[in-house]
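Thank you all for coming; I would like to take a few minutes to walk through one structure, and I ask you to keep the view open while I talk.

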Amino acid sequence: MATDAWQRTRDGITNIWQRVHPDRVDSVTGELNLTRELILAARNGGDPETESELRAEWQGRVRRLLLADPSVIEDLRVLLDELSPEPATRSEMYDVQMHARATGHGRVYQAGRDQRINES
């Protein structure tokens, strides 16, 4: 929220919000602007905890938005893809090294990215 992509981020989020909660778009836009100001102040003041808390707060809001209307997930993916920097090559995307050891009846689950485990 504190980068040059701010305008696109704010516009994209408010457009998605418009589809689900049109009556709350103005307040969400104001809250996004306030959050940006707080993040910039936290970065200038060397306060990474505040930035982390604000990020978690908005992750929760977006999660609840998706629960309210899962059809906007594709719009959110498109926005995130537009805002994500693309690596020059596929080999530059990941450099993951994992080591694990389980003993007895222990289990190890490792993933370089997303992982979903369903056990019955």
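This is a predicted model: local features need pLDDT of at least 70, side-chain atom pairs count only at pLDDT 80 or more; totals for chains, interfaces and linings use all residues.

The protein has 120 residues, of which 22% count as buried, and it contains 4 helices and 0 strands, so that, reading from the N terminus, the order of elements is α-α-α-α.

Let me begin with the aromatic rings. A pair of this kind is described by how far apart the ring centres are and by the angle between the planes. The structure holds 1 aromatic pair, and its two members are W17 and W58, whose ring centres are 6.1 Å apart with the planes at 75°; since an angle over 60 degrees counts as edge-to-face, that is the class this pair falls into. W17 belongs to helix α1, which covers residues 6-20, while W58 belongs to helix α3, residues 48-68, and the pair therefore ties together parts that lie 41 residues apart in sequence. Both W17 and W58 are buried. There is a further neighbour to look at here, namely R61, which lies over the face of W58 at 4.3 Å from the ring centre.

Now to the spaces that the atoms leave empty, which one finds by rolling a probe the size of a water molecule over the atoms. There is 1 cavity of 30 Å³ or more, and the volume of the largest cavity is about 40 Å³. Its lining is made up of I13, I16, W17, V62, L65, L66, V72 and L76, and α1 and α3 each contribute at least two residues to that lining. What classes of residue do we find in this lining? There are 8 nonpolar residues, with no polar and no charged ones.

The largest pocket has a volume of about 810 Å³. It is lined by 23 residues, and those nearest its centre are T9, R55, W58, Q59 and L80; the elements that give two or more residues to this lining are α1, α2, α3 and α4. Helix α3 gives the most to the lining of the largest pocket, with 8 residues. By class, the lining of this pocket divides into 13 nonpolar, 5 polar and 5 charged residues, whereas the lining of the largest cavity has no polar and no charged residues.

Finally, a word on A42, a residue of helix α2. Is A42 buried or exposed? Its relative accessible area is 5%, and because the limit for buried is under 20%, A42 counts as buried. The C-alpha atoms of A42 and S52 are 9.8 Å apart in space, for a separation of 10 residues in sequence.

Note on methods
Residues are numbered from 1 along each chain as its sequence is written. Side-chain values use heavy atoms; hydrogens and water are left out. Rings of Phe, Tyr and Trp (its six-membered ring) pair if their centres lie within 6.5 Å; planes under 30 degrees apart count as stacked, over 60 as edge-to-face and the rest as tilted. Buried means under 20% relative accessible area, exposed over 50%, partly exposed in between (1.4 Å probe, protein chains only). A charge sits over a ring if NZ of Lys or CZ of Arg is within 6 Å of the ring centre and within 35 degrees of the ring normal. On a 1 Å grid over the protein atoms alone, a cavity is a set of points where a 1.4 Å probe fits but cannot get out, and a pocket is an open set with protein on both sides within 12 Å along at least five of seven lines; lining residues have an atom within 4 Å of a point. Grid points are joined across faces, edges and corners, and a volume is the space filled by probe spheres set on the points. Ala, Val, Leu, Ile, Met, Phe, Trp, Tyr, Cys and Pro count as nonpolar, Asp, Glu, Lys and Arg as charged, and the others, Gly among them, as polar.
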